[in-house]
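Please look at the sequence and the model first, and then read the sections below.

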Amino acid sequence: MAFLSYLISGLGLGSVYAIIALGYSMVYGIAKMLNFAHGDIIMAGAFAAFFAMTAAGMPLIVAALISMAVCTLLGVTIERLAYKPLRNASSLSVLITAIGVSYFLQNAAQLLFGSDTKIFPAVLSGSFSLFSGALSVSYLSVVTIVICLVIMGGLTLFINKTKTGKAMRACSEDKGAAVLMGINVNRIISITFAIGSGLAAIAAILLCATYPSVYPTLGSMPGIRAFTAAVFGGIGSIPGAFLGGLLLGVIETMAKAYISTQLSDAIVFAVLIIVLLIRPTGLLGRKVSVKV
Amino acid sequence: MLKVENLVVRYGMIEAIKNISFEVNDGEIVTLIGANGAGKTTTMQTISGLLKPASGAVYLDGTDITKVAPHKIVSMGLAQVPEGRRVFAQQTVMENLELGAYYRKDKEGIEADMKNVFELFPRLEERKAQLAGTLSGGEQQMLAMGRALMAKPKIMLMDEPSMGLSPLLVKEIFRIIRNINKQGTTVLLVEQNAKMALGIADRAYVLETGKITLEGTGTELAASEQVRKAYLGG
């Protein structure tokens with residue numbers, strides 16, 4: 001029974017990683033860049049939701065919508081101001097810029113909100129029992145897993161069925177050819193950042209519901225873990241980000257429960273290294289085949 | 001239809017296109033022949049807006065499109081079949097064709113054009129649910145052409161459609177180019193296969209290291225001593 005309980009909380013944690021990893025992976029797939037500021041967009045989303053709930057006294061749903069709006073706007077603005085001018089620059093310049101944006105956001109938050117930790121209001125607390133009390137499941141885990149599944153399903157439909165989604169796939173394969181189809185590649189990249197950042201806001205709230213402290217560097221660790229999850233599953237692949245996130249959450253939770261809390265990160269990265277040794281493109285990553 | 005005026009294109013310090021001018025009239029097939037590195041692809045990419053010229057201008061139906069964004073040029077009636085086909089390998093044949101009609105909103109028109117493409121290329125209809133990456137080279141070329149036709153272009157630019165294809169397929173592709181032209185689409189064709197290109201072209205230009213050195217009707221150039229020596233193997 002304990003195993004089942006760890007599994008559910010691992011899937012809950014993994015779902016949050018998956019939602020963040022989707023943002024990393026989609027941006028990488030389309031813009032071919034690692035947006036290391038993605039974690040800090042989570043932080044911005046957490047602050048937005050925090051102030052909406054505490055200072056303005058809004059209900060959770062409204063705060064979530066505000067947080068999504070703030071993150072979407074922030075993501076699109078960052079892309080327009082920092083990344084778009086570097087569209088034809090080397091990937092190293094873009095990477096360094098992304099790291100710079102990450103520090104900029106953290107420091108801006110410190111300047112605006114102070115570096116002290118703020119306590120996020122308790123949301124989605126409580127749990128229910130199954131098997132006549134033998135298994136206790138938190139509402140939060142269930143809600144998180146359900147939200148993650150809905151997002152995953154929605155994104156898959158969007159990418160495969162809508163015109164914009166098909167244009168996104170075309171851009172991810174060959175931007176030059178996509179332009180010749182009349183696709184506005186800059187607009188598609190903006191949409192991708194908007195979606196990824198909106199998802200970051202959802203992740204922010206789920207994260208703060210689990211660990212209720214809000215501070216300027218709050219996005220770093222989940223950001224790095226989710227990036228790992230995206231690589232684990234195969235960066236650029238949407239199902240890969242989903243699978244990678246879930247696995248990472250479960251491995252982390254199991255390692256903490258059965259092996260050692262201190263070693264859990266080391267174990268997670270050891271698994272990543274082994275996976276990448278066997279499958280360098282990640283679990284579901286596309287093999288890069290070049291046809292001549 | 002299409003007019004190129006005093007075009008100069010540079011890659012950094014290197015001048016790839018050194019002041020060329022040419023035009024394509026309504027309903028014509030015009031070909032630009034030349035050796036590797038003569039600047040054929042550069043010219044094509046500048047016309048479709050992917051490259052910006054250092055000076056000079058490109059006019060489409062009298063409108064200056066030199067500074068228009070490339071994705072907008074498509075909706076103005078100019079489609080390009082790029083060098084190396086560049087089909088979307090991970091999408092199906094059908095999805096590739098739909099992407100060709102990306103800017104269009106006229107559902108019935110799109111359906112009619114899809115039917116027309118399948119009549120021109122029956123092979124594509126047989127394989128419409130297949131991923132484009134699994135097609136043979138010839139089929140991919142047909143898909144790239146069909147995809148460009150889906151944009152309902154007034155003028156179609158084709159960059160090396162015969163590249164890497166067997167002689168039999170090359171003949172087939174050129175027969176289809178002539179058909180597309182007969183249906184009313186103006187064609188600007190870039191080719192290394194000068195013999196085939198001159199065979200179907202109304203007019204032709206010879207491009208040598210960024211300059212136009214000869215021009216004339218297809219038959220004239222095919223008969224010219226200079227062209228025969230340089231491009232037709234004596």
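## Terms and basis

A salt bridge is counted where a side-chain nitrogen of Lys or Arg lies within 4 Å of a carboxyl oxygen of Asp or Glu. The structure is a predicted model, in which local features need pLDDT of at least 70 and side-chain atom pairs count only at pLDDT 80 or more, while totals for chains, interfaces and linings use all residues. Residues are numbered from 1 along each chain as its sequence is written, chains are lettered from A and ligands numbered from 1 in the order in which they are written, and side-chain values use heavy atoms, with hydrogens and water left out.

## The two domains of chain B

The domain assignment of chain B gives domain 1 (1-77 + 158-234) and domain 2 (88-152); such bounds come from an automatic or database domain assignment. The centres of these two domains of chain B, taken over C-alpha atoms, are 24 Å apart. Contact, meaning heavy atoms within 4.5 Å, joins 14 residues of domain 1 of chain B to 12 residues of domain 2 of chain B.

The area buried between domain 1 and domain 2 of chain B is about 1000 Å², and carbon and sulfur atoms give 77% of that area. Buried area here is the accessible area (1.4 Å probe) that two parts lose on being put together, summed over both. In domain 1 of chain B, the residues that lose the most area to domain 2 are B:Ile176, B:Ile180 and B:Gln183, which together make up 35% of what that side buries. The count of salt bridges between domain 1 and domain 2 of chain B is zero. One residue pair is in polar contact across this interface, with both residues at pLDDT 80 or more. A polar contact is a pair of N or O atoms within 3.5 Å; within protein, one must be able to donate a hydrogen and the other to accept it, and residues adjacent in sequence count only if both atoms are side-chain atoms.

On the side of domain 1 of chain B that touches domain 2, α2 (70-75) and α7 (167-182) of chain B each supply at least two residues. Helices (H or I, at least four residues) and strands (E, at least two) are DSSP runs, numbered from the N terminus. The largest share of that side of domain 1, seven residues, comes from α7(B).

## The contact between chains A and B

Which numbers of residues do the two chains bring to their contact? Chain A gives 21 residues and chain B gives 26 residues. About 2000 Å² is buried between chain A and chain B, with 57% of it from carbon and sulfur atoms. A:Glu173, A:Leu180 and A:Met181 supply 34% of the area that chain A buries against chain B, more than any other three residues.

Three salt bridges are counted between chain A and chain B. In one salt bridge, the side chains of A:Lys166 and B:Glu98 meet at 3.1 Å, N to O. Nine residue pairs are in polar contact between chain A and chain B, both residues being at pLDDT 80 or more. On the side of chain A that touches chain B, α6(A) gives the most, with six residues.

B:Glu95 is found in helix α3 (residues 93-100) of chain B. The residue B:Glu95 is buried, with a relative accessible area of 13%; buried means under 20% relative accessible area, exposed over 50%, and partly exposed in between (1.4 Å probe, protein chains only). A polar atom of the side chain of B:Glu95 lies 3.0 Å from the backbone nitrogen of B:Thr92. Leaving aside neighbours within four places in sequence, B:Glu95 is in contact with A:Asn160, A:Lys166 and A:Arg169.

## Helix α1 of chain B

Helix α1 (residues 40-47) of chain B is largely enclosed by the rest of the structure, because six of its eight residues are buried. The buried residues in α1(B) are B:Lys40, B:Thr42, B:Thr43, B:Met44, B:Thr46 and B:Ile47. Just after α1(B), B:Gly49 takes a positive phi of about 90°.

## Salt bridges within the chains

Over all chains, the count comes to 18 salt bridges. The side chains of B:Glu28 and B:Arg203 meet in a salt bridge (2.7 Å, N to O). This pair links distant parts of the chain, 175 residues apart: B:Glu28 is in the loop between β2 (14-24) and β3 (29-33) of chain B, and B:Arg203 is in strand β9 (residues 203-208) of chain B. Both B:Glu28 and B:Arg203 are buried.

In chain A, A:Arg87 forms a salt bridge with A:Glu79, with the closest N and O atoms 2.8 Å apart. A:Arg87 counts as partly exposed at 31% relative accessibility, whereas A:Glu79 is buried, with a relative accessible area of 1%.
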